[in-house]
Every structure is written in structure tokens, then in C-alpha cells.
Amino acid sequence: MGKKSKAKPVVVAQENATVPPDFFPFARYTSIVGVHTTLLGFTTLFLPRTTDVPILEFLKPTIDESQLTSRDRPQHPFLDALTLSPVATLAWICIGVVVLQGWWGSWMRSWSIDLALQSAGIQRAADSPKLAHLGSAGLTAAVFSAVFYTVIILLGAPLVTHIPQTALLAILLALLVVFPPSYTYGAPMTAEITAVWVRIFAEFTCVHYPGLLVYILTLPGIRTPIERALLYSTVGTLFGAWLGAIPIALDWDRPWQAWPLTPAFGAILGYILAPLGALTVTALHFSAAEHLRSLSAKIKTN
């Protein structure tokens with residue numbers, strides 16, 4: 001018997017096809033986004049409070065004397081467990097994010113395959129093992145975490161101190177930004193997949209409309225709601241981390257200003273809000289497409 005042919009890369013169909021606007025599972029996407037963002041918020045606020053896991057005893061918070069300041073204005077008790085040890089807090093968050101991003105990435109990949117095959121009129125066959133995609137995405141995130149670490153240092157993070165804190169922040173950013181597209185489309189190690197990454201994350205165009213004094217930034221590389229969700233999440237995460245670094249410079253001397261708590265929480269907040277923006281834009285596109293089709297149907301009947 002001959003060998004079974006391997007499934008073709010999803011990216012080829014995604015790159016060359018026009019996706020039908022009536023296929024996208026809008027209701028399911030909305031529910032999954034709600035569950036994902038809710039669990040991510042729960043992971044951020046409550047998982048670091050875990051203290052009774054013998055296997056993970058090394059993640060048990062230890063008192064950081066440098067954070068025991070400003071006793072004249074003590075912080076809210078809810079924040080104590082999160083600020084007691086920034087290293088333990090970020091380590092627990094990263095553990096939870098690994099699980100959630102693996103689950104979220106599997107949904108994104110499944111929808112991406114369905115969109116590509118539906119547009120090409122091909123019936124879906126068995127996909128390649130998920131474990132291989134998971135390992136490839138994890139390896140890509142690990143490589144990019146080193147890149148993020150270097151960028152964070154260049155932007156002003158401590159060079160010879162707070163190394164674990166900076167490393168965990170870099171890992172968190174890589175899990176939020178790099179892991180989902182790596183799981184969905186593959187690691188950018190070939191020219192074909194790299195072209196898809198460039199199209200989604202770096203293909204911008206400034207369009208000048210007559211009568212306006214400004215140029216409107218458009219995203220011609222975005223072709224599907226999946227790509228829009230990935231791009232918005234990336235922008236939201238990086239912008240949130242950048243904004244989150246601002247409170248550290250303020251002379252308030254509060255425990256929650258410890259490096260890198262505010263950039264990490266800012267990145268997660270941006271990641272949570274970004275899918276809501278992507279969902280809104282997708283809904284507008286979907287409604288506009290439905291309206292145009294109804295108008296086209298009316299014109300044909302008349």
C-alpha cells in the first residue's frame with residue numbers, strides 16, 4: 001500500500017483564496033473569546049495566590065523586603081498576594097497562560113483551516129498531529145522570548161539586576177504575542193509562512209481620502225477575522241505593556257510599582273481588550289457584507 005499523502009499547508013489556501021463572508025462562526029467565536037478572556041483575567045488575579053502545591057514549592061511567594069515600603073499608606077489587601085513576590089506572581093501567570101494559549105491556539109488553527117478549505121471548496125481531512133504544532137509554537141515562543149528580553153533591556157529595564165523578573169516578562173509577552181500565530185499558521189521559518197506573518201503584522205498602507213486633511217491607516221494584509229484577532233491582540237499586548245511601564249517612574253513608592261508588575265498587567269489588559277475590538281470590527285464587516293448582499297439581491301429581483 002502507498003503512503004498516505006500529508007495534508008497541504010493551511011497557509012497556501014489561506015494566501016491564495018478569497019474567504020466567503022458567510023462562513024465565519026461568529027457566535028462560537030464570540031463565546032470562545034468571552035471564555036478565554038475571562039479565564040485569562042482569573043489566571044492573572046487569582047492563580048498567583050496559590051501556595052499549597054508541594055511540587056511547585058519553589059513558586060511559593062517570599063517576602064521581598066524592597067517592597068515593604070510606604071506603610072503610612074498601606075495598599076488594598078487584595079493586592080498583597082500579587083505584590084509580595086513579583087517573581088512568583090509572574091511565574092504563576094506564565095504557567096496559566098501556557099495552558100490557556102494552547103487551548104486558544106487550537107481554536108484559532110481550527111477556524112483558520114476551515115476558512116481556507118471552505119474558500120477553496122475542499123472538504124476537511126485529518127489535520128496533522130496537534131502535538132507537533134504545539135511543540136513548534138512553544139519553540140518559536142521561546143526564541144522570541146529572548147528577542148523580547150533584549151528589547152526590554154534596550155528600552156531601559158535593569159541590566160544586571162531583576163534578571164528573573166525581566167525574563168518572565170519576556171516569556172509572558174512571547175506567549176501572548178507569538179504563540180497564537182505560530183500555532184495557527186506555523187513558525188516563520190520558511191519563505192511562504194514568513195510572507196504570511198509579514199502580510200498580517202507589517203503590511204500597512206496610508207490612504208488619503210479626498211476632502212480630508214489626514215491619511216487613514218489601513219490594513220490591506222488582513223483578509224480574515226482570524227488574522228484580525230491575531231493582529232489586534234499583538235498590538236493590544238505591546239501597547240498595554242508600554243503604557244504599563246509608565247507608573248513605575250512615578251514617585252509614589254507603592255508595592256504594586258515593583259518591576260515588572262505594571263507592564264505585565266498592562267500587557268494582559270491590552271490582550272483582553274484587543275479581541276473585543278477585533279470582534280466589534282468583524283461584526284461591522286459582517287453586517288456591511290450582509291447589507292451589500294441584500295441590496296444586490298433586491299437589485300437583481302427588480
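Visitor: What does Ile 246 count as at 44% relative accessibility?

Guide: Ile 246 counts as partly exposed, because 44% falls between the 20% limit for buried and the 50% limit for exposed. The model is a predicted one, and the value is computed from it.

Visitor: Where is the place of Ile 246?

Guide: Ile 246 sits in the loop that joins helix H9 (225-244) to helix H10 (261-301).

Visitor: Which peptide bond is cis?

Guide: Omega is the angle to read. The bond from Trp 259 to Pro 260 has omega near 0°, and is cis. Pro 260 belongs to the loop between H9 and H10.

Visitor: What is phi of His 162?

Guide: Phi of His 162 is near 55°, which is positive although the residue is not glycine. His 162 is found in the loop between helix H5 (130-154) and helix H6 (163-177). With a relative accessibility of 37%, His 162 counts as partly exposed.

Visitor: At roughly what angle do the axes of H6 and H10 cross?

Guide: The crossing angle is roughly 5°, and the axes come within 10 Å. H6 is therefore roughly parallel to H10, since angles under 35 degrees are classed that way.

Visitor: Which residues in H6 meet H10?

Guide: On the H6 side they are Leu 169, Leu 172, Leu 173 and Leu 176. Their partners in H10 are Pro 263, Ala 264, Ala 267, Ile 268 and Tyr 271.

Visitor: At roughly what angle do the axes of H2 and H10 cross?

Guide: Helix H2 (residues 26-46) and H10 have axes that come within 10 Å and cross at roughly 170°. That angle makes H2 roughly antiparallel to H10.

Visitor: Which residues in H10 meet H2?

Guide: They include Phe 265, Ile 268, Tyr 271, Ile 272 and Pro 275. Among the H2 residues in this contact are Phe 26, Tyr 29, Val 33, His 36 and Leu 40.

Visitor: Which residue forms a salt bridge with Arg 199?

Guide: Side chains of opposite charge can pair when their charged atoms come close. In this model the partner of Arg 199 is Glu 227, with the closest N and O atoms 2.9 Å apart. Arg 199 is in helix H8 (residues 191-202) and Glu 227 in helix H9, so the pair links distant parts of the chain, 28 residues apart. The count for the model is one salt bridge.

Visitor: Is Arg 199 buried or exposed? And Glu 227, buried or exposed?

Guide: Arg 199 counts as buried, at 3% relative accessibility. Glu 227 is also buried, with a relative accessible area of 0%.

Visitor: How many helices and strands has the protein?

Guide: There are 10 helices and two strands. From the N terminus the order is α-α-α-α-α-α-α-α-β-β-α-α.

Visitor: What share of the residues is buried?

Guide: Buried residues are 41% of the 302 in the protein. The accessible surface is about 16800 Å², and carbon and sulfur atoms hold 69% of that area. Among contacts with a separation of 6 or more, 74% are between residues 24 or more positions apart.

Methods. Residues are numbered from 1 along each chain as its sequence is written. This is a predicted model: local features need pLDDT of at least 70, side-chain atom pairs count only at pLDDT 80 or more; totals for chains, interfaces and linings use all residues. Side-chain values use heavy atoms; hydrogens and water are left out. Helices (H or I, at least four residues) and strands (E, at least two) are DSSP runs, numbered from the N terminus. Buried means under 20% relative accessible area, exposed over 50%, partly exposed in between (1.4 Å probe, protein chains only). Axes are lines fitted to C-alpha atoms, for helices over the stretch in contact, and angles run from 0 to 180 degrees between N-to-C directions. Angles under 35 degrees count as roughly parallel, over 145 as roughly antiparallel, 65 to 115 as roughly perpendicular and the rest as oblique. Contact means heavy atoms within 4.5 Å. Accessible areas come from the Shrake-Rupley method with a 1.4 Å probe; for residues, only the protein chains shown count as cover. A salt bridge is a side-chain nitrogen of Lys or Arg within 4 Å of a carboxyl oxygen of Asp or Glu.
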